[in-house]
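Biologist: Before we turn to the details, could you show me the model under discussion?

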Amino acid sequence: MSAAISVKRSSAWVLAVVLAVAARTASASPEEAKQWLERMSESLATRNYIGLFTHSTPTQSESMRIVHRVEDGHSLERLVSLDGSGREIIRTREEVHAYLPDRRVVLVEPRSDDGSLLKALPTPGAKLDTFYDLEVRKGSKLLGRDVQVVDIRPRDRYRYGYRIWLDEKTAMPLRSIVANGAGVPVEQISFTSLELQKKIPDKDVEPSVDATGFQWIRTGRKLGPPPQPMANANGWRPLRLPPGFRLVASRFQLLPGSPVPAQHLIFSDGMAAISVFIEPGHASGPAPPESSSMGSANAYSTSIQGHVITAVGEVPADTIREVAISVAPVDAPGAPSASGAPDR
Amino acid sequence: MKPHEPVDDETRPSAGVEQSDLELVKRAQRGERGAFDLLVLRYQHKVVKLVARLLRDPAEAEDVAQEAFVKAYRALGSFRGDSAFYTWLYRIAVNTARNSIASRQRRPLDYEADLSENEQSAVESRMRHTDTPEANVLSEEIHRTVNRAVEELPEDLRTAIILREVEGLSYEEIAQAMDCPVGTVRSRIFRAREAIDRNLKPLLD
Amino acid sequence: MTDQIREQVSALLDGELPRDEIGLLVRRMERDPDLRGSFGRYSLIGETLRAPGGRTAHPSFAARVSAAIDAPGEAAAAQDVPAIAASHAFWKRPAFATAVAASFALLAVILVRPFASEDAAIVVANTAATLTVSPLAGAISPTPAQSQRLAGYLVAHSQFSSPMARRSVWSGLLAADPGLQRASYEIQEAP
């Protein structure tokens, strides 16, 4: 196992951002930036690669190893923590396995999603430059490679900004920063090595943890009796969303700890995604609102008319909260399926 | 490496479905065409979706999917039941799609050429998707209609159909989860389907 | 009466029709296009719920397959029938985050962090705003049960994030938080 990596300080990133700004030269059109982002998405999805990166947030920093292999139209992925815990997550074709050697546990989860939500995913959308300023310019070399730096700056305070360093030859992202409206980074992923490979040997997508004697726990479908039936089943929608967020997918699924399927709505502005979950409330009554964050993802959960409403997304916490508390039942016929900016 | 198994958006067929597939295959092998037609009806969307993802040109998906089903029919005699029927069908579909791609290429891809062809086709395929073919419009309409109809279902019907279709539970498992008899589960799922179908049928006729 | 038969069709789709009833129903369906239509649409409903937005077969697809089978043609080419080992993938359509909704319930207990105070520093825009932006008060430490639920939401959401955002959610889930490692909790023993 690799040695633990020291925690980066906040100031180091601010410095990095400042330096990058200072190194600015003439930039190219938004169209070109968009094309770079499309190339990046394509690369991430279709290439076989192995890399080492650090993932940093204000409170800490982890080193990770990632392996990505594409086979017959779908991808296998393995993420390994290098900070001493030896944890890893492997997504095989049918399941996700989370190996926790420090707990001597393997969590197994069947895949409950589908790959055909391809269209629904927030690929850099055609209208991206309506809500973000896009720029691309040549940057200084990273990992010995020529890079282009793509800046995605939000035009309002409801979303985050991004700076992505792309390998000129393959459009693979070598480094990315997510920053809030004031330019303060909330998360960074930075590769220390990245190799594209024609073939990835099986051993690289298999766990390096010896799980003999571990406890295998299948999470998923522990179901209890359903809670009180709801009086109505009207569609629920957030009435307020930042401009440009459109409904891109919706589905029902069973979430852990709940016997009744939740409705899951996904909104996107072409860059960031916001999920809204609508579930029946608990028989024991409404819980107080909760907010949480993990890196650039924020979540807010609250109770509305006997339902539990949770919003999650890669947008600032205040945005997520406003979206969550605006969710309301909408009369079925002719209801808008997406809310743009209602009062603009 | 393990043999190919259906993956991604294909939830594993439940034991019940696998059994009934085997029964249908046996009948089809004995000459009952109706039994094979039901297998087509059951898996047509999965196969079209799978093939559409593998082809350079998704517009050909239905032609290639059709070819896969015809091949499966003609090869039915060689299906022994060692694997689930859908696993077998999946492999036929993947091979048919691959062969249809290979037949269009003049030389085998090497790594470097792969890159530039990928990039070129990426631009091409994006341009094709800016105009929405009829099939995509219909798909979206279907999706909207089905979801709206599910939202409006009474909760017991909605829970039953979601547990069956999304979570892949058997009737027995759903009966335990919902604390009701299996017969009630079967009836709820049926009534849920009928309620949704009332909105769906006019769209497709 | 017809409802009873349709209910059998529904059960057949789920593989829950008793074997001895299958034969009769198959023959009925051979004669009755309405029943076949129902079977096909029930199957479509399932596909739509599992995979909203994906390609689906055109309504006439099954009939075209049937016609193609009846048409005179060559025998199946042997190479298309399995089993054939994988060669390297040719993949055109981007498989964006064929990702996962995995609820790492136990992981969640130790991995979800309280609300980060950095975001409270967001400067309020002074132009007319659709949303009121006000800083949230304080940090809330989630209880283990809350963390579990939250991880479920985060991971379900991460399917729809960009590949990079998904990577960061997973990285967060994998990171060991030194402070919380000392928290004790029970792992259910498998029976």
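Modeller: Axes here are lines fitted to C-alpha atoms, for helices over the stretch in contact, and angles run from 0 to 180 degrees between N-to-C directions. Please note that this is a predicted model.

Biologist: How are α1(B) and α2(B) oriented to each other?

Modeller: The axes of α1 (residues 15–29) and α2 (residues 33–54) of chain B come within 7 Å and cross at roughly 140 degrees. Angles over 145 count as roughly antiparallel and 65 to 115 as roughly perpendicular. The two helices α1(B) and α2(B) are therefore oblique.

Biologist: What classes of residue make up the contact of α1(B) with α2(B)?

Modeller: From α1(B), Asp21(B), Leu24(B), Arg27(B) and Ala28(B) meet Ala35(B), Phe36(B), Leu38(B) and Leu39(B) of α2(B). By class, the residues of this contact are six nonpolar, no polar and two charged.

Biologist: Which helix supplies the largest share of the side of chain B that touches chain C?

Modeller: The contact takes 70 residues from chain B and 58 residues from chain C. Several helices of chain B each supply at least two residues, including α1, α2 and α9 (182–204). The largest share is 14 residues, and the helix supplying them is α2(B).

Biologist: Which element of chain C has the lowest mean pLDDT?

Modeller: Chain C has a mean pLDDT of 60, with 47% of its residues reaching 70 or more. Over residues 74–142 and residues 176–191 of chain C, pLDDT stays under 50. Where pLDDT is low, the predicted coordinates should not be read in detail. Among the elements of chain C, the highest mean, 95, belongs to α1 (residues 2–13), and the lowest, 28, to helix α8 (residues 178–181).

Note on methods
Residues numbered from 1 in each chain as written. Chains lettered and ligands numbered in written order. Predicted model: local features only at pLDDT ≥ 70, side-chain atom pairs only at ≥ 80, totals over all residues. Helix = DSSP H or I, 4+ residues; strand = E, 2+ residues; numbered from the N terminus. Parallel < 35°, antiparallel > 145°, perpendicular 65-115°, else oblique. Contact = placed C-beta atoms within 7 Å. Nonpolar A, V, L, I, M, F, W, Y, C, P; charged D, E, K, R; others polar. pLDDT = per-residue confidence, 0-100.
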